[in-house]
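Subject: Structure handover

Hello,

Here is the structure I said I would pass on. Please look it over first; my notes follow below it.

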Amino acid sequence: MARPRQFDEAAALDAAVQCFWAQGYEATSVRDLAARMGITGASLYNAFGDKRALYRRAIDRYVAQSFGERARRLEAGLPPRAAIAAFFAEMIERSLDDRERKGCLLVNSALESAPADPELRRAVAAMIAEIEAFFRRCVEAGQRDGTISTAQPAEDLARLLLSVQLGLRVLARSRPERALLEGLVRPALALLDRPG
């Protein structure tokens, strides 16, 4: 009979997120992970599988806690155009508060690990598609209620907003300057506005 786990799996997974986020996949060893998670290497393997499997779960958790929570809250609580603007405003604040310049774990994964790992590339692409879908839902809702311009298709605007979001996260790592980041977002948001 298997013994019950002697650690908080959610807390351990959060610690793994922080470890991968700070160091990246390649530079993070199983020893680093076990130490940060407060468990033994054997417990890590038993609970989470190998390093790659843990990395995938860490990215899933990161996206669910950062993007997923924010998207649900903003879509439920704000009109579509305001939800998009608030999404970017919160992202800029998070980028400016990132003293360690860790950036976004999802974007870091897309750049570091996904190109060499087809399975991870598909997983990262699916997560990025969720962000695009958030933008598309907001744009479509705004176009229906008249608060967002219909001059461009919702799909195109969603992809533009996605590219701004990804670019912002990359740029913020080397130049976390409010004026620069807000200047990147402002013209994209202006494209949403109805003429006049």
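Which residues touch the most other members of the largest nonpolar core? They are Met 37, Leu 54, Ile 84, Phe 88, Leu 106 and Phe 135, in a core of 62 residues. Please keep in mind that the model is predicted. Helix 7, covering residues 118-145, supplies the largest share of this core, with 10 residues.

Leaving aside residues up to four places away in sequence, Ile 84 touches Phe 135, Cys 138, Val 139, Ile 148, Leu 161, Leu 189 and Leu 192.

Next, the packing of two helices. The axes of helix 4 (residues 51-77) and helix 5 (residues 80-97) come within 9 Å and cross at roughly 145 degrees. The crossing of helix 4 past helix 5 is right-handed. On the helix 4 side, the contact is made by Tyr 62, Ser 66, Phe 67, Arg 70, Arg 73 and Leu 74. Helix 5 contributes Ala 83, Ala 86, Phe 87, Glu 90, Met 91 and Arg 94. By type, the residues of this contact are seven nonpolar, one polar and four charged.

Last, the cysteines. How many disulfides does a search of the whole structure find? The search finds zero. Cys 19 and Cys 104 illustrate this. The closest cysteine sulfur to that of Cys 19 is in Cys 104, and because the distance is 17 Å, it is too far for a bond. Both residues are buried: Cys 19 has a relative accessible area of 1%, and Cys 104 has a relative accessibility of 7%.

Regards

How values were computed: Residues numbered from 1 in each chain as written. Predicted model: local features only at pLDDT ≥ 70, side-chain atom pairs only at ≥ 80, totals over all residues. Heavy atoms only, no water. Core = buried A, V, L, I, M, F, W, Y, C linked by side-chain atoms within 4.5 Å. Buried < 20%, exposed > 50% of the residue type's maximum accessible area, 1.4 Å probe, protein only. Helix = DSSP H or I, 4+ residues; strand = E, 2+ residues; numbered from the N terminus. Contact = heavy atoms within 4.5 Å. Disulfide = S-S within 2.5 Å. Axes fitted to C-alpha atoms, helices over the stretch in contact; angles between N-to-C directions. Left-handed = near helix turned anticlockwise from the far one by under 90°. Nonpolar A, V, L, I, M, F, W, Y, C, P; charged D, E, K, R; others polar.
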